[in-house]
Amino acid sequence: MPTVRILGIETSCDENSAAVLYCQKGRVQLLSNIVASSASTQAKYGGVVPEQAAREQLKSIIPVITEALNESGIIKDEIDAIAVTYGPGLIGSLLVGVETAKVLALVWNKKLIAVNHLLGHLYANWIEGSQKQTVSVPKFPIIGLLVSGGHTDIIEMTPHGKYKYLGGTRDDAAGECFDKCARLLNLSYPGGPQISKLAQNGDPSVFDLPKPMLDSGNLDLSFSGLKTAVANLIKVNPQLLLEGNPNRAHLAASIEQTIAGVLVKKLEMAVDSSRAKQVMVAGGVAANQKLAQLVRETFQDKIVFIPRADLCTDNAAMIASAGYFNPVYVDPLKFDADPSLSLAY
Ligand code: KG4
Ligand code: ZN
């Protein structure tokens, strides 16, 4: 693999990010990773307002790219390729990154690499320094669990770029479930970290929440029933909305434990029916400490990869990393965003 310096661009939702990676002989070194988020603005509305997210993206894209280049110590002439997320995501947000990358590729005369955001999340695990406990990079075959705000997928990866979709959610994603439960509890967006914080003082055994499809015998998951159960509990017991009520923490702990438990059970099924000796988790929900702890406890005989928290949530470094290992070159004049791209096929 040649030595390349890649500029990554990620704008699929409410994060606007640019990163520069130095890649040599299969090693990926992070030189800069700038993330500007409109999450605090979105928090006022309890979720992402697409139109507003795109407007924020437009405001920050150029400053973010400029800062990423400045911080990396690399000048634009030294960049070999631009890797950009082209889907899935919010179309307005995606277009900001895709159109900017197209223009830069044309004007700066750079190669342009199209990256699937979901694959990008998994490639955060290949960035040097992304792991707290391991120093090596993932080896194939490996089972990957991708858990984000919009997706919950289990895949098996054989070589780079080749993966088999094994299962995933039939309705809400794990992150979406965290976000919706948080909203029901009057916690702000993004809900995962808020539920987690509240759960610290809670006992997960106080509330017994449903675990739909736990025993379905396949790798499909479902989270919408969990959110409905939480809504019903709050309806019957409105004191759950009172701050300081210890049951709020118990409920949050139970939500977190239930989501993590179901995810790990399905991941275990996937690993058991494969030859994989390694397991990786990625996506915003992979930043959840309870989930990380449960994964490490369950797979003590396997090598586990979970990126450090800032590389779990949306960032451009993971996009550049995926672009390095899967260089899908596209023509800037014929290339478009695809908001409904997925890992399932
Ligand atoms: O991957 P990501 O940044 O964006 C998408 O591609 O969706 O994931 C965002 C999701 C949100 O649903 C957020 O609540 C969740 O990741 N999340 C967490 C944590 N940090 C972010 N969920 C649980 N625990 C966390 N610590
Ligand atoms: Zn994401």
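Reader: Which residues in helix 8 meet Ala174, Cys177, Phe178 and Cys181 in helix 5?
Author: Helices (H or I, at least four residues) and strands (E, at least two) are DSSP runs, numbered from the N terminus. Contact means heavy atoms within 4.5 Å. The partners in helix 8 are Ile255, Glu256, Ile259 and Leu263.

Reader: What pLDDT do local features need in this predicted model?
Author: Residues are numbered from 1 along each chain as its sequence is written, while chains are lettered from A and ligands numbered from 1 in the order in which they are written. Side-chain values use heavy atoms, leaving out hydrogens and water; in this predicted model, totals for chains, interfaces and linings use all residues, side-chain atom pairs count only at pLDDT 80 or more, and local features need a pLDDT of at least 70.

Reader: Is helix 5 roughly parallel or antiparallel to helix 8?
Author: Axes are lines fitted to C-alpha atoms, for helices over the stretch in contact, and angles run from 0 to 180 degrees between N-to-C directions. Helix 5 (residues 174-184) and helix 8 (residues 246-272) have axes 11 Å apart and an angle of about 170°. Angles under 35 degrees count as roughly parallel, over 145 as roughly antiparallel, 65 to 115 as roughly perpendicular and the rest as oblique. Helix 5 and helix 8 are therefore roughly antiparallel.

Reader: How many residues of this contact are nonpolar?
Author: Ala, Val, Leu, Ile, Met, Phe, Trp, Tyr, Cys and Pro count as nonpolar, Asp, Glu, Lys and Arg as charged, and the others, Gly among them, as polar. The contact of helix 5 with helix 8 has one charged residue and no polar residue, and its nonpolar residues number seven.

Reader: Is His250 buried or exposed?
Author: His250 lies in helix 8 and touches residues including Asn201, Asp203 and Phe207. Buried means under 20% relative accessible area, exposed over 50%, and partly exposed in between (1.4 Å probe, protein chains only). Because its relative accessibility is 18%, His250 counts as buried.

Reader: Which residues coordinate the zinc ion (ligand 2)?
Author: Donors are N, O and S atoms within 2.8 Å of the metal (3.2 Å for Na, K and Ca); water is not among the atoms, so sites may look incomplete. For the zinc ion (ligand 2), the distances are 2.0 to 2.1 Å, and the coordinating residues are His117 (NE2), His121 (NE2) and Asp314 (OD).

Reader: How far apart in sequence are the parts that His121 and Asp314 tie together?
Author: The zinc donors follow the spacing H-x3-H-x192-D. His121 lies in helix 4 (residues 117-123) and Asp314 in the loop between helix 10 (309-312) and helix 11 (316-325), so the separation of these parts is 193 residues.

Definitions and conventions: Lists of a residue's contacts leave out its neighbours within four places in sequence.
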